[in-house]
Amino acid sequence: MKIFNSLNELIFPPRCISCRELGQSLCISCRKSWVCHPYRSNVRHGKEFSLSVTSSIVYSPIAQKVLLAAKESDIKMADIFVSDAITYAIRNAFKEMPRDILIDSLIPIPSRKSAARKRGRQFISDMTAPAAAEFGIPIISPISHSRVVRDQTGLHFEQRWNNLHGAFVVASNVENPHYALLVDDLVTTGATLLEAARALSYAGITVVGAVTAVVAQPVRLRD
Ligand SMILES: [Zn+2]
């Protein structure tokens, strides 16, 4: 197998996911934009809804390419970068959690059905699986999209909030966990995470926080 892999690498030597330089999955220069540190942001809508988000990587064009390579091009090394960043964020979210709160489920933000069909998988759920195994916490998937939403690119928070309002439904036959952590690949305004938390709270599920691999507006914590 080792010989086969070496042969394979000789025929198809790895290229940098971001800049396509030959040699490594992320070259030394691009790797500088994909380094895990603990970041914490608070997303909120009014006084009613707020959520603490723990993330690992600061958004950059390189980080965006890694996310896309995993999500849309199914590049295995990109999968590993993203799932490692999610595991790292979950580990840091646990560190910041009050002692009396025990997370009993991980809830990935689902892709739209058409996207999941095209990719052949629920991306965030797949990216969360290594963390679920490491921490012994089950992944549950009670959320689904209730309708098609507008592409969020370029929308500010209030527009996203309105665009997403009522966009998720929560399966009623789910056995309600006590404390859940939401998982997504990227947080920008936080509107998606807040809407998911809102829908889950109406279904009796307590979302105690969220984690993402990448964050657009980070506040760094001590390592
Ligand atoms: Zn590179």
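Predicted model: local features only at pLDDT ≥ 70, side-chain atom pairs only at ≥ 80, totals over all residues.
Two residues are said to be in contact if their C-beta atoms, placed from the backbone, lie within 7 Å.

I begin with the chain as a whole. The protein chain contains eight helices and seven strands. Along the principal axes, its C-alpha atoms fill a box of roughly 55 × 40 × 35 Å. A compact globule of 223 residues would have a radius of gyration near 17 Å, and the 18 Å of the protein chain therefore agrees with that expectation.

I turn now to the domains. The domain assignment divides the protein chain into domain 1, residues 1-32, and domain 2, residues 35-215. The centres of domain 1 and domain 2, taken over C-alpha atoms, are separated by 29 Å. Where the domains touch, five residues of domain 1 are in contact with eight residues of domain 2. On the domain 1 side, these comprise two nonpolar, two polar and one charged residues.

Finally, I would like to consider one pair of helices. Two packed helices are described by the angle between their axes and the distance between the axes. For helix α4, residues 76-96, and helix α6, residues 123-135, the axes come within 8 Å and cross at roughly 45 degrees. The two helices α4 and α6 are therefore oblique to each other, and their crossing is right-handed. From α4, the residues involved are D79, V82, S83, I86, T87 and I90, which meet M127, T128, P130, A131, E134 and F135 of α6. By class, this contact has seven nonpolar, three polar and two charged residues.

Thank you for your attention.

Terms used:
Residues numbered from 1 in each chain as written. Domains from an automatic or database assignment. Nonpolar A, V, L, I, M, F, W, Y, C, P; charged D, E, K, R; others polar. Axes fitted to C-alpha atoms, helices over the stretch in contact; angles between N-to-C directions. Helix = DSSP H or I, 4+ residues; strand = E, 2+ residues; numbered from the N terminus. Parallel < 35°, antiparallel > 145°, perpendicular 65-115°, else oblique. Left-handed = near helix turned anticlockwise from the far one by under 90°. Rg over C-alpha atoms; globule rule 2.2 N^0.38 Å.
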